[in-house]
Amino acid sequence: MARWRSASYKARERINQRYAPHNDLLHHRTIYCNDLEKNKQFSFKGNSISTTKYNVLTFLPKGLFEQFRRVANLYFLMISILSATPVSPVNPITNAVPLVLVISVSLIKEAYEDWKRFFNDKTINSTMVDVLRDGHWRKLPWRRLVVGDIVKVHKDSFFPADLLFLASTNQDGVCYVETSNLDGETNLKIRKALERTWDYVDEERAKEFQGEIQCEQPNNSLYTFTGNLIIGKQTLPVTPNQLLLRGCSLRNTEFIVGVAVFTGHETKVMMNAMNVPSKRSTLERRLDMLILILFSILFIMCFIDSICSGIFINRKYWYLGLTSDVEDQFNPGNRFLVACLTFLTFVTLFSPIIPISLYVSIEMIKVFQVTQFINKDVKMYHKETNTPALARTSNLNEELGQVEYIFSDKTGTLTRNLMEFFKCSIGGVIYGKGVTEIEKAAARRNGTGIEEMESPAESHEKYFNFDDDRLMRGAWRNEPNPELCKEFFRCLAVCHTVLPEGDELPEKIVYQAASPDEAALVTAAKMFGFFFFRRTPTSIRVRESHVEKIGRMQDVEYEILNVLEFNSTRKRQSVICRYPNGRLVLYCKGADSVIYERLMERHNPFKDTNRDHLEYFGAAGLRTLCLAYRDLDINAYEMWNEKFVQAKSALRDREKKLDEVAELIEKDLILIGSTAIEDKLQEGVPVCIETLAKGGIKIWVLTGDKLETAINIAYAACSLMNNGMKQFIINSDTKEIRDVEDRGDALETAQVIERYVAERLNESLRQAVESEQTQTGLELALVIDGRCLMYALDPELRGTLLKLSVMCKAVVCCRVSPLQKAQVTSMIKDGAKKITLSIGDGANDVSMIQAAHIGVGISGLEGMQAVMASDFAIAQFRFLTDLLLVHGRLSYLRISKVVAYFFYKNLMFTLTQFWFNLYTGFSGQRFYDDWFQSLYNVVFTALPVIIVGIFDKDVSITNSRKYPQLYKAGIENIFFRWRILIIWAISAVYQSVILFFFPIKAIEEGKNSSGRMLGLWDAGTMAFTCVVVTVNLRLFLACNFITRWHLISIFGSILAWFIFAFFYSGFRNPLDKQGNIYQVIFVIMGTWYFWYAIVLVPVASLALDFLHEGMRRWFAPYDYHIIQEEEKIKGVERDELLLVESPRQAPEQSLELTGLHGEMSKHTGYSFDSPCFDSFFASQEGVSMSQRSYDIARRASMRVSRRQSSDLGSDSPPPGHNSLI
Amino acid sequence: MKKPIFVYYQLENYYQNHRRYVKSRSDKQLLYGEGASLADTETCKPKQLLDDQPIIPCGLIAWSLFNDTYSFTISGNAVPVNKKGISWKSDRYHKFGNVYPENFPNNLPNNENGSLIGGSSLDLNVPLNEQEDLIVWMRTAALPTFRKLYGRIEQDLKAHTQLTAQINNNYNTYSFRGKKKLVLSTTSWLGGKNDFLGVAYITVGTVSIFLGLAFFIVQWKYPRPLGDISYLSWNQKPATS
């Protein structure tokens, strides 16, 4: 939360700075084009970039520093240093070798990655570009480019810096750019140069160009740019429309000429290259706790032993030679010092209690899970888009097994973001015979039943699912209102910001639209015979059929005079156009509420019928828009246009001024009718949600949609809500609030809303608590809109909201901004301390994806921003079932087992040494040889636990899906709670006792048949053998599932110990002055005790665990135990994970609509969803999103349903690629 | 008692496994005993040099060599104790070389150990790999109570034979109140008598049988059908509430 606050604060500060008038000089950048000398005074940064972390000199110090920032490494460094001092009981090499190994591996990896980055930078910096120097185009490497240079960029090459677009070879000074590096969108966007600079295309002209650019300081906002170009005495406003960003590439244009404005690290794309904060899983954070506990145990053991050693040391033990020449550690004259030094001895001796290989092992397990299972699961492979699941991080696998809250975006995630023109109402008549799924569900519920008049899929056009002959093929001419019909179609064909692409034929054209709604509307116009096929910056061409008379076709050019942008405050969009015959019309489409406010008082006979129709559409789950027009008087228009132009070139508050001006002309409208668009659900969504709900996961819908649409989706499609639920609706759209708003006092409005929200929240909470006490089983649902949420998230109300929402089964937040999505997520994450997962597809979900414990992006159709910010990317919402219930659950199970096992094996091992030292006068003598001790963790017990971590599986994957309830174990953290760890700890203590006393007792009294006695190292080696055998065999009790890999690794590890022991005892180790272990293993293996002990000790040690496992299964079986038994009895089909290499068609899940529809929704279904308006980068700054201007090209690019996936896949990574990602 | 009868001495409260003690030896010196390694007494503190000459064998362990001696008689007839072969072969061949003791402090006439403090002298004319008492002593014990092989009596002792042991009490254990014991024992092909392992085996076995029975009875009386999904937690909740 703090991050968000500070970010928004910073953003505000930045804006303040940017617009502060008094220090204009500081906060403006002045660039003299084509004038190197003059620009030198500003010392702009060069264009060379460096993304490396280190250089040759800093690599070692910085790299080592990074390594030792990890606590474990630092700890082992300290141990290594300690072991080089005389207090150490072990050879320093034995501690240093594993540490050096671990660190050098990490350093090599770092160096390699940095080298790659360096090389990449070098390639980028030396890419050639044409720069105008001394009046000629010179080929220069990118790094030599400076601010103010005029450059020429050719087709298909990348822009070397942020350029101000001057001229292009295309007519009208436009060019097309591809921005896939910036936002992942592959469609082309138009940029348009200022008319004044169009002709500086060739060398001769370009070298004459003398201009001064005043613009904002470098910043990271990709979609804003404010500045002026001063040529001679003319001052021209410059907008993002003239800015070509580094990272984009030029398409469909031979070449362009531009001036470098921002270079190198000051380009917008580089300023955006931020480090995504890496997430750590909750389990891993818990692991830190565990390590801390191990540290405490270590400390306690060392403390006890060192105190005792101080007491023990005494000259009476003459054989210790304590009389003369005694080093401090054994000097009975200073017992305190003895204790202190012995403490260090014990820290060194007991250091294996901290598992050095734990992090490495977990890392390996997770990487394996990710690369081999998640990324290759055919059940999560979407064939249509050729998209497999992608885990972008391997840190969070086990977190997937503990998710309790899912925050889902609606559009594109739950729904397909495939809008189909479904119905319409023109002049008070409803057209369109289709029946929506929601209506079908409602009908089924009421028992009326509608005959399935499944319209034959006759040449089903994308975006168009309309079936009514009355409007098709010119039949509308016979309808009651043919004139209105004509206006309706023209409005659809003209009032939009769609870009046509491809051949200008109805069958081949592809519409690039800002939102799929727009595409649907334009497509509808095409189907009705008003084919929009060409857009120039000033006009739109429409091929109209049946206008004059049936069957006649004609091309009509409408001159577009003004476009009044859509944004989320205006909720409408207008186009002022001139007919070829000079008729001046304003076409407007928008939300019913805004349109109705602006209708002419009279001359609107269909106002009321249309409203009824809107409500009907809304009830059917359709998205509606109202269409209206207004004929303009030329004089009035001219006057208005002047104001408009003024507002457009304003440097400050441009958006606000534009809105105000637009208000002046968007009035006295005449209603044409309304459109209804169906928002298709994603495949398998209801089933998936139902399954997840059974698994104990709560799903919240957070959407930018309006209240009614959101509720509709929650009801009908996703079975999240039903009429049996008690609903709490907190909505700011009440009469009371509207009245206050009309008075225009912002402060008063805020107070009223705040009071209202507080009242509603408290009241709801009271009722919720009440109903919980009185009526069992009554489920609650909360619906809140973004505006109320803003107040509800205040610190005072936050607690109430949290309490209420946690009690609810379903929560729907509508009309929320990206920032609020993140805030809601954080509220649950930090407030309720539950594991959260956010899933979304668009740029507006990025903040929420980053805020949650786990962010999931929908990959495939949309832009890549959500995926870029996510931890996991899947192609379909329904794949969440597999991601969570199968992979997440198993990962959680495995990792918790691995961690617990590490805890046990290190604790047990160290405890044996502790027991031993009780018998050595607390001297810190090691029980095992030092190499045994240091290889224990990294060799003799390393591999089997990794195998278990990779392969363990409690129940079959089929049953994982069949019994989603098994997932609850993860939510309740059953496998990694303290109780489990305590049981492991008890087992560790018990085993350590057995493993120490049994071998040593056997040896103490024992003798061989030759009568010879065994010594200290014999006991140690024997005990160590027992430890290795026991610890490895313990895994058989721990795992649910034994493959040959288990057998190989477990017995292999035991064998590895023996082989090592044979070699180690067989040869004199020249490094080791004390040949303690020399020959030992052969001596003890020649005695019977060894063989008695090797059988008895592991059995006795494991008996307790065996008993515990048995009792557990018998008396308090876990759910998975029962399912295991069921599998054993009934058998289970072979269900290895199918991997993508052998793709098999996943069984189609039927689209099952089980929801009920609420009777309350007398809503009209307005929802022109344009999440793009809340851009990702803006949300990062915490700036209110509603006041941004978007040029047509930008708009048109935002929501594309078409995707050249082949292009995306085959493109080699372009330069600049890595700097963004 | 059938021959061979093993003679052991047992020391109690004697920390042969103390860290200062364990590390105070030089295996290099013991094995190679030539040139540089003779002087390699770095690890032998505090018994490394005598008048600036390296002690051979150096270190606390050798210096504190047990020096009580036992002799046995049966009704006046001496019973010979064979002290050959009491050490492990691997020690004799691989850990101790043909090295002769030198500058050994206990051999000095008025050595600091005195007559009652302990610390045996060594025969300077016998190489270390033949001085088996030293070899046995230097295989340090794991616990503060330990036995070490003294020698073998290679004749049968009949029941009710009165064996007289004469003990030269040289080794000082009074200062730390250590106990000394003399133990005679025989072995079988399996090794010596070992109460602990036997008891442990029987205990573990008994507990296993008992638990097996308990589980059997439980299953007999209160059977839980395997794989019955009505036992699943979510299937049970409605029943309990």
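This is a predicted model: local features need pLDDT of at least 70, side-chain atom pairs count only at pLDDT 80 or more; totals for chains, interfaces and linings use all residues.
Residues are numbered from 1 along each chain as its sequence is written, chains are lettered from A and ligands numbered from 1 in the order in which they are written, and side-chain values use heavy atoms, with hydrogens and water left out.

**Chain A as a whole: 43 helices and 33 strands.** Helices here are DSSP runs of H or I with at least four residues, strands are runs of E with at least two, and both are numbered from the N terminus. Of the 1221 residues in chain A, 60% are buried. Take the contacts (heavy atoms within 4.5 Å) in chain A between residues at least 6 apart in sequence: 75% of them join residues at least 24 apart.

**Helix 29 (residues 880-918) of chain A against helix 35 (residues 1016-1038) of chain A.** Their axes come within 11 Å and cross at roughly 160° (axes are lines fitted to C-alpha atoms, for helices over the stretch in contact, and angles run from 0 to 180 degrees between N-to-C directions). So helix 29 of chain A is roughly antiparallel to helix 35 of chain A; the cut-offs are under 35 degrees for roughly parallel, over 145 for roughly antiparallel, 65 to 115 for roughly perpendicular, and oblique for the rest. On the helix 29 side, look for residues including A:Tyr901, A:Tyr904, A:Met908 and A:Phe909; on the helix 35 side, A:Phe1024, A:Val1027, A:Val1031 and A:Leu1035 are among them. By class, the contact of helix 29 of chain A with helix 35 of chain A has eleven nonpolar, two polar and three charged residues (Ala, Val, Leu, Ile, Met, Phe, Trp, Tyr, Cys and Pro are nonpolar, Asp, Glu, Lys and Arg charged, and the others, Gly among them, polar).

**Helix 10 (residues 282-312) of chain A meets helix 12 (residues 358-374) of chain A.** The two axes come within 13 Å and cross at roughly 160°, which means that helix 10 of chain A is roughly antiparallel to helix 12 of chain A. The crossing of helix 10 and helix 12 of chain A is right-handed. Helix 10 brings A:Glu284, A:Leu287, A:Asp288 and A:Ile291 to the contact, and helix 12 brings A:Leu358, A:Tyr359, A:Ile362 and A:Lys366. Sorted by class, the contact of helix 10 of chain A with helix 12 of chain A has five nonpolar, no polar and three charged residues.

**One disulfide over all chains, and some cysteines to set beside it.** B:Cys44 and B:Cys58 form a disulfide with their sulfur atoms 1.9 Å apart; a pair of cysteine sulfur atoms within 2.5 Å qualifies. The pair links distant parts of the chain, 14 residues apart: B:Cys44 is in the loop between helix 2 (27-31) and strand 2 (49-50) of chain B, and B:Cys58 in the loop between strand 3 (53-54) and helix 3 (60-63) of chain B. Both B:Cys44 and B:Cys58 are buried. A:Cys491, on the other hand, is in no disulfide, and the nearest cysteine sulfur, that of A:Cys495, is 4.9 Å away. A:Cys491 is buried at a relative accessible area of 1%.

**Two cis peptide bonds in chain B, at B:Pro4 and B:Pro57.** Most residues other than glycine have a negative phi, and most peptide bonds are trans. The bond from B:Lys3 to B:Pro4 is cis with omega near -5°, and B:Pro4 lies in the segment before strand 1 (5-11) of chain B. The bond joining B:Ile56 and B:Pro57 is cis too, with omega about -10°. Find B:Pro57 in the loop between strand 3 and helix 3 of chain B.

**Positive phi at A:Lys833 and A:Asn973.** A:Lys833 has a phi of about 55° although it is not a glycine. A:Lys833 lies in the loop between helix 26 (818-832) and strand 31 (836-840) of chain A, and is exposed at 67% relative accessibility. A:Asn973 has phi near 55° and lies in the loop between helix 33 (968-971) and helix 34 (978-1005) of chain A, but A:Asn973 is buried at 12% relative accessibility.

Note on methods:
Buried means under 20% relative accessible area, exposed over 50%, partly exposed in between (1.4 Å probe, protein chains only). A crossing is left-handed if the near helix is turned anticlockwise from the far one by less than a right angle, and right-handed if clockwise.
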